[in-house]
Amino acid sequence: QVQLVESGGGLVQSGGSLRLSCAASGGIYKINAMGWYRQAPGKQRELVARITWSGSTNYEDSVKGRFTISRDGAKNAVYLQMNSLDTEDTAVYYCNGNIIPRTADWAVQYWGQGTQVTVSS
C-alpha cells in the first residue's frame with residue numbers, strides 16, 4: 001500500500017520561510033511525478049508545484065520565484081522550499097504522487113494527509 005507522509009508545516013510570519021517534505025513508501029514500482037497542492041478555507045484545491053521524476057517542474061503563477069520544488073529519487077521524496085511567504089499562502093498543503101504501484105499496471109494518484117501552513121501578518 002503506497003503511502004505519502006508529509007512534514008514541515010507550521011506557523012510563520014509574513015516574509016518568512018518554511019520547507020515541506022513528503023516521502024512516498026510501500027509497494028512502489030515507479031514514480032512518474034510528485035507535487036504539492038493547497039486548499040485555503042472556502043477555496044478549491046489548487047496545484048502549487050509539480051515535478052516529474054525526470055526533473056521537469058511547473059509552478060502556479062503566484063509562487064513563481066518564491067517556491068522551489070525538488071525531489072530525491074533515492075528517498076522517493078519531494079520537497080517544497082517556500083520563501084517570502086505571504087498571508088495569501090495560508091492553506092492546508094497536500095502532497096500528491098502519480099505513482100505506479102507494484103499491484104497495478106497503471107499510475108494511481110495518491111495523497112498525503114495534509115499539513116497546515118499559516119502565515120501571520
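Student: Is Ser 84 buried, exposed or partly exposed, and what is its relative accessible area?

Tutor: This is a predicted model, so read each value as computed. Ser 84 has a relative accessible area of 43%. Where is Ser 84 found? It sits in the loop between strand 8 and strand 9, and strand 9 covers residues 91-101.

Now look at the backbone of Ser 84. Its phi is near 50 degrees. That is a positive value, and Ser 84 is not a glycine. Why stop at this? Most residues other than glycine have a negative phi.

Asn 76 is also worth a look. Asn 76 has a positive phi of about 50 degrees, and it is not a glycine either. Asn 76 lies in the loop between strand 7 (67-72) and strand 8 (77-82). Its relative accessibility is 23%, so Asn 76 counts as partly exposed.

Follow the chain from the loop of Ser 84 into strand 9. Here you meet the disulfide. The structure holds one. It joins Cys 22 to Cys 95, with the sulfur atoms 2.1 Å apart. Cys 22 belongs to strand 3 (residues 18-25), and Cys 95 belongs to strand 9. The two cysteines are 73 residues apart, and the pair links distant parts of the chain. The angle about the S-S bond is -85 degrees, and the link is left-handed. Both cysteines are buried.

Next, find Glu 6. It is in strand 1, which covers residues 3-7. Glu 6 is in contact with both Cys 22 and Cys 95. Other residues in contact with Glu 6 include Ser 21, Trp 36, Tyr 93 and Tyr 94.

Is Glu 6 buried or exposed? Glu 6 is buried, yet it has no salt bridge. Arg 45 holds the nearest side chain of opposite charge, and it is 7.9 Å away.

What does the side chain of Glu 6 reach instead? It reaches the backbone nitrogen of Gln 113 at 3.2 Å. It also reaches the backbone nitrogen of Gly 114 at 2.5 Å.

Cys 22 and Cys 95 are buried and joined by a disulfide.

Terms used
Residues numbered from 1 in each chain as written. Predicted model: local features only at pLDDT ≥ 70, side-chain atom pairs only at ≥ 80, totals over all residues. Heavy atoms only, no water. Helix = DSSP H or I, 4+ residues; strand = E, 2+ residues; numbered from the N terminus. Buried < 20%, exposed > 50% of the residue type's maximum accessible area, 1.4 Å probe, protein only. Lys, Arg positive; Asp, Glu negative; His and termini not counted. Salt bridge = Lys/Arg side-chain N within 4 Å of Asp/Glu carboxyl O. Polar contact = N/O pair within 3.5 Å; in protein donor to acceptor, adjacent residues only side chain to side chain. Contact = heavy atoms within 4.5 Å. Disulfide = S-S within 2.5 Å. Lists of a residue's contacts leave out its neighbours within four places in sequence.
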